[in-house]
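Please look over the structure below before reading on. The notes that follow take up a few of its local features, grouped by topic.

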Amino acid sequence: MLAAVITAFGGPDVFALAEIPAPAGEVVDVTLAGVNHADVHRRRGEYEKPTLPAVLGADVVGRLRSGRRVAALLRAGGGYAQVAPAQHVVDVPGEVSDEQALAVLEQGLTAWHSLHTLGRVGADDVVVVTAAAGGVGHLAVQLARAAGARVIALASSPVKRAFLTELGAHVTVDSHHPDLGAALGEAPTLVLDSVGGRTFEQLHGALAPFGRIVAYGGASDVADTVAVDDLMTASTGVLGFWLQRVLDDEELYRSSAARLFHLAGRGLLTARIGGRYPLSAVGRAHADLESRTTSGKLVIDVRRLT
């Protein structure tokens with residue numbers, strides 16, 4: 001089978017197409033693979049460093065050899081290939097396209113559990129979503145609106161902010177604003193943050209009493225510190241989300257994936273596809289993601305070579 005392989009850690013140019021053996025055991029004949037920030041960190045050798053040579057890619061959609069159409073989450077990678085291991089497999093309903101299934105599974109699970117399981121979102125909440133035009137963020141905006149919350153979406157460009165207004169955000173804010181707390185215009189009760197650094201610090205400082213911030217990423221590459229004394233005096237909370245904890249609970253994983261597919265099938269949750277690339281252009285997809293100019297989910301069509 002053909003795969004996009006890395007033999008060294010580094011920039012987006014480390015990917016090369018190679019013919020490699022198919023994985024052992026039950027497999028998925030892949031149609032589309034997803035591109036995620038975690039893949040970028042693994043490619044650089046910064047996060048869950050894979051053994052080289054390696055095939056990255058944590059989410060795919062395709063068919064089992066039995067003919068079942070499925071999506072799968074591959075915590076050890078293997079998605080940037082024409083055949084992938086059948087791990088954490090869930091059936092895809094007929095009314096959900098391959099693109100939508102891929103886009104709402106991994107990113108949707110992060111958005112859902114950050115909002116509901118950890119954030120306990122309710123109709124009285126003022127929810128701030130950082131990187132709101134991204135793969136997780138734009139789904140979180142829709143899910144927070146569906147929960148009845150007031151939604152403030154942060155994004156870096158007028159085009160992205162216009163997109164978020166169309167999705168239902170009540171307010172949009174330039175994520176480069178020097179004083180994010182003041183720019184919000186009101187104190188948030190729940191923040192979903194994938195950026196960290198200055199963004200995390202300013203939004204955490206802006207939280208209303210008894211508010212909480214759920215961190216599920218650190219795109220700024222700046223280490224965050226939280227003082228317990230500050231949490232106590234402000235009466236605020238900081239929580240962290242890692243998707244692996246959902247995958248550890250098979251019942252929770254399957255039930256929440258089915259809920260997301262149900263919403264997508266009814267048109268109540270729509271993922272934006274920000275770019276579709278051939279297998280030979282995985283490096284370009286990574287470069288585009290790192291540039292932070294894209295919106296929505298980037299996907300790799302593994303059957304297209306150029």
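**Briefing: local features of the model**

G79 lies in the loop between β5 and β6. Helices (H or I, at least four residues) and strands (E, at least two) are DSSP runs, numbered from the N terminus. This is a predicted model, in which local features need pLDDT of at least 70 and side-chain atom pairs count only at pLDDT 80 or more, while totals for chains, interfaces and linings use all residues. Residues are numbered from 1 along each chain as its sequence is written, and side-chain values use heavy atoms, with hydrogens and water left out.

- G79 is buried, with a relative accessible area of 0%; buried means under 20% relative accessible area, exposed over 50%, and partly exposed in between (1.4 Å probe, protein chains only).
- Leaving aside neighbours within four places in sequence, G79 is in contact (heavy atoms within 4.5 Å) with residues including V30, A33, V55 and V302.
- G79 and V30 are 49 residues apart in sequence, and their C-alpha atoms are 8.0 Å apart in space.

**Aromatic rings**

- Rings of Phe, Tyr and Trp (its six-membered ring) pair if their centres lie within 6.5 Å; planes under 30 degrees apart count as stacked, over 60 as edge-to-face and the rest as tilted.
- By this rule there is one aromatic pair.
- The ring centres of F15 and Y80 are 6.0 Å apart and the planes are at 70°, so this pair is edge-to-face.
- F15 is in strand β2 (residues 15-19) and Y80 is in the loop between β5 (69-73) and β6 (83-85), so the pair ties together parts that are 65 residues apart in sequence.
- F15 and Y80 are both buried.
- R272 lies over the face of F163, 4.3 Å from the ring centre; a charge sits over a ring if NZ of Lys or CZ of Arg is within 6 Å of the ring centre and within 35 degrees of the ring normal.

**Helix packing**

- Helix α1 (residues 37-44) packs against helix α10 (residues 282-291) at an angle of about 110°, with the axes 10 Å apart. Axes are lines fitted to C-alpha atoms, for helices over the stretch in contact, and angles run from 0 to 180 degrees between N-to-C directions.
- This makes α1 roughly perpendicular to α10; angles under 35 degrees count as roughly parallel, over 145 as roughly antiparallel, 65 to 115 as roughly perpendicular and the rest as oblique.
- The crossing of α1 and α10 is left-handed, whereas that of α2 and α9 is right-handed. A crossing is left-handed if the near helix is turned anticlockwise from the far one by less than a right angle, and right-handed if clockwise.
- Helix α2 (residues 98-118) and helix α9 (residues 250-265) have axes that come within 9 Å and cross at roughly 115°.
- In α1, the residues D39, V40, H41, R42 and R43 are buried, and what covers them includes β1 (2-6), β2, β3 (27-35) and α10.

**Backbone**

- Most residues other than glycine have a negative phi, and most peptide bonds are trans.
- The peptide bond from L52 to P53 is cis, with omega near -5°, and P53 is in the loop between α1 and β4 (59-64).
- S235 is not a glycine, yet has a positive phi of about 55°; S235 is partly exposed, with a relative accessible area of 32%.
- R292, in the loop between α10 and β15 (297-301), has a positive phi near 60°.
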